[in-house]
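Trainee: Hi, could you walk me through this one?
Mentor: Happy to, let's open it up.
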Amino acid sequence: MRTYFIAALAASSLLLCASSCKTANQSANIAGPVEVKTAGQSNAAVHKVIYGEWIAYQVGDQVVTGANRPYVIFDGENLDQETNLVKAYANDGCNIINGAYTITPGGKMVRASELISTLRLCPDAPYEMGMTLALNNVAKFELDKIGEDYILNMKGANDSTLMVLRKYDLNFINGAWKVTKINGQKVETAEPMTLVFDTPEQKIHGSVGCNTMNGKIVMNPDRQNSMSFTQMATTRMTCPDIQTEQELLAALSKVVTIVPTDNLAGAELKDEAGNTVVSIERIQLR
């Protein structure tokens, strides 16, 4: 018997996480070399990948489109590494769902509790039934990697694919960064140029020299490492390095993706053609 109940704590967690699922309606092809990640490496390796937010890419035979995508969150904060029990929260495009799964190396993913769901009736929820089927009947999982993004294939006992999720995780960029290059040219200004990213709130702010800047972050779930900026606004003081400030703002307006360096100490902001238009280095706060 399916139990319908929504805990206030779970609901508040989901509503908080939902803010990071607001994405642009623009679509783009998934592309890039695929590196298969086997699940048998170790508990730690699997858990490191599994926990976090996954956006639905395909539910059953349906490719997911639209601005507000269904998603699943595996709760890494309450991970039980001894029993491999992972709490999960989901939104099927209409209702909020929570439950628990046993996830182990070797590719096993089995529901470990009844799914608890709200009971909203939505006129347009094309993925609701498919997600309920997938979340109830998943028995196996496979992990792939495309660029910086992981792909989670949730499969049934007969090896059929029930749902495909994409881990859209740009948390590495959160925090403060120093601008080091603009269009390949080293930045040499009297005052440092800094950018501060806040992906949960979808905001960017910082200093472009002596002027301050604020704007909105937009992320497209159909594109690898997608990040662009809109509603950019700055103060209007006359500064010695005003030309460089204008060059930075112009460069930021062209950004469509952001790629970390190998050690995550730096990142490159790239335009549509894949050219690096802004290079940044993480600021170590003391």
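Trainee: Is Cys-94 buried or exposed?
Mentor: Cys-94 is buried, as its relative accessible area is 3%. Buried means under 20% relative accessible area, exposed means over 50%, and partly exposed lies in between (1.4 Å probe, protein chains only). Keep in mind that this is a predicted model, where local features need pLDDT of at least 70, side-chain atom pairs count only at pLDDT 80 or more, and totals for chains, interfaces and linings use all residues. Residues are numbered from 1 along each chain as its sequence is written, and side-chain values use heavy atoms, with hydrogens and water left out.

Trainee: Got it. Which residue does Cys-94 pair with in a disulfide?
Mentor: With Cys-122, at an S to S distance of 1.9 Å. A disulfide here is a pair of cysteine sulfur atoms within 2.5 Å. Helices (H or I, at least four residues) and strands (E, at least two) are DSSP runs, numbered from the N terminus.

Trainee: And how exposed is Cys-122?
Mentor: Cys-122 is partly exposed, with a relative accessible area of 23%.

Trainee: Why is the disulfide of Cys-94 and Cys-122 called right-handed?
Mentor: Because the torsion about its S-S bond is about 80 degrees.

Trainee: How many disulfides does the structure hold?
Mentor: Two. Cys-210 and Cys-239 also form one, with their sulfur atoms 1.5 Å apart. The link of Cys-210 and Cys-239 is left-handed, with -75 degrees about the S-S bond. Again, distant parts of the chain are linked: Cys-210 is in the loop between β15 (203-207) and β16 (212-218), while Cys-239 is in the loop between β17 (228-234) and α4 (242-252), 29 residues apart.

Trainee: Which of those are buried, and which partly exposed?
Mentor: Cys-239 is buried at 7% relative accessible area, whereas Cys-210 is partly exposed at 28%. If you number the bonded cysteines in sequence order, the pairing reads 1-2, 3-4.

Trainee: Switching topic, what about the whole protein?
Mentor: The protein has four helices and 20 strands. Of its 286 residues, 45% are buried.

Trainee: What share of the contacts is between residues 24 or more positions apart?
Mentor: They account for 55% of the contacts with a separation of 6 or more, where contact means heavy atoms within 4.5 Å.
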